[in-house]
Amino acid sequence: MTRKIFQKYQYDIALESGVGANLVSWATGLMVFFMTLAIAVNIGLASITDNWVAGLSGSLTVELQPPAPADGKEKVSDEQEKAFTTLAEKIAALGGTHAGVTAGRVLAQEEVLKLIEPWLGTAMPADLPLPALIDLTLAPDADTAALKKDILAIAPKATVDTHDDTLKDVTTLVNTARLFVMLLSGVIMLLAIVAISGMVRAKLAIHHQEVETLHLIGAHDEYIARQFRHHTLKGTLKGAVAGVAAMLLTLYAIGQMTRTIDSSLLPDLHLTEKDWALLVAAPILAGALIAHLTAQKTVMKALARLD
Amino acid sequence: MALVSFSNVGLRYSTGPEILNDVSFSLEKGSFHFLTGASGAGKTSLLKLLYLGKRPTRGIVTMFGEDVTRMKREQLPAIRRQIGSVFQDFRLLAHLSAYDNVALPMRIAGVPEDHTRRNVTELLRWVGLGEKMEAKPPTLSGGEQQRVAIARAVIARPKLLVADEPTGNIDPEIGMKILLLFEELNKHGTTIIIATHDADIIRRFGHPEMRLQDGTLIMPKSGVKAA
């Protein structure tokens, strides 16, 4: 089919010459450029959500506040430190002993520092009191309410974060953003339909006499519409391929630029082969389909008004 | 049964005066007529009705046994393919070669390309354009363009041939050759109607004359039946 579209096709109507011969390509190129951007953003947001959800669900974080120095003392005593560490290890030991926990681990000091780095930076005082963070991996059917109760029985002042609220907020935010991007794609497609329809009508007006001559020789509307369809489809495919290529280059450039940005502030974005295929094929196919249907409908409607 | 029949036909453009009024006649299959009249008498308008470039504002036009006055537009192409038209302004497609212009009616009708090639080549040679098959209309003289237009009108062997001043721009020798081609087509059954001012041609070929005066067909002579 592609060969048939791009091979030398003789138009009875001089569609390939004159003012605006390439307007369809330009309009589609721009449409596809923004549509590819919208899809990329959508895929990116979905990937970020998935990463967050995968990272947070099925786990639970227990936070123990560091002990404060006893009254009249400047520093925390060794006994206090030891009790603090023992308590953290006791909670981590739930992994393997508690039915709802498969593994438990006290985060190393470096990991805790890394987590607060985006807010406090790297130049932190060495004696900064840090909380103990215990990461518990949950069993698939774990009863988090019962587990929370058991943890609080061990450490009544512990903060138990099941991540549910965070996940809910993040998912709602990202889903709203994705919906907005999809609406934007819809508006872009609508604009493309209006633009292609307008251009086809302009071509019909410019080539009115040729169209009339073909009618008088005995051409059906479909014979004439086929030429407009072919011309529009060819222009659309040219524009769509250029639009996708331009957007991929833009995405690559953005990727190169963001490599220098502190990665701790950006979530990890990974596109699969399926994502890349969707990113390339969807805008081209959508563009071709929109052009084909719009040209057909516009031409047939306009020709029906002639005799 | 008449091939073409006009009954009390009237034609006006928009809200203007009636260009043709109460035109009634019928053309038998295989007949040959000349359409005459002064400039502005309505010859071109009558031909437009014959090649279905216009529909009458009143009256009934029947062609090939079908009432085309109120025919659905989807049915018109099938009727138009049976009509060959030589337009006054030729209406050649400027970006196509002489060959492609002549081949158009056959391509539209879906005739196989090898058959089309054979016929178009032969006809273009016959009208003296064998060397200019690939030339585009703007590079051809008026007479050459007219011959391309004539070749396009006759290539599909139409049942009805309608020609508006077909020999107006060509030299007498070629003009005579064209008319002999029309005669040949007529012998094979094509009904022909030619609008012309050339009294010599009318006298020489002796076919009946339909005369229009101020939009009225006033004097259908022998061979034309008043409907």
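**Exercises on a two-chain model**

G287(A) sits in helix α10 (residues 273–304) of chain A; helices (H or I, at least four residues) and strands (E, at least two) are DSSP runs, numbered from the N terminus. The model is predicted: local features need pLDDT of at least 70, side-chain atom pairs count only at pLDDT 80 or more, and totals for chains, interfaces and linings use all residues. Residues are numbered from 1 along each chain as its sequence is written, while chains are lettered from A and ligands numbered from 1 in the order in which they are written.

**Exercise 1.** Determine whether G287(A) counts as buried or exposed.

*Solution.* Start with the cut-offs: buried takes 20 or more other C-beta atoms within 10 Å, exposed 12 or fewer, partly exposed in between, with C-beta atoms placed from the backbone. G287(A) has 27 C-beta neighbours inside 10 Å, so it is buried. Next, list contacts (C-beta atoms, placed from the backbone, within 7 Å). Beyond four places in sequence, G287(A) touches T28(A), M31(A), V32(A), T236(A) and A240(A).

**Exercise 2.** Give the strand order of the open sheet in chain B.

*Solution.* Pairing requires at least two DSSP bridges between two strands. The four strands run β2-β1-β4-β5, with antiparallel pairing. β2 (18–27) and β5 (66–67) of chain B are the edges, each pairing on one side only. Two bridges link β4 (residues 58–63) of chain B to β5(B). T62(B) faces D67(B) in β5(B).

**Exercise 3.** State how many residues each chain brings to the contact.

*Solution.* Chain A brings 13 residues and chain B 17. On the chain A side, helix α8 (residues 208–217) supplies the largest share, four residues.

Technical notes:
Two residues are in contact if their C-beta atoms, placed from the backbone, lie within 7 Å.
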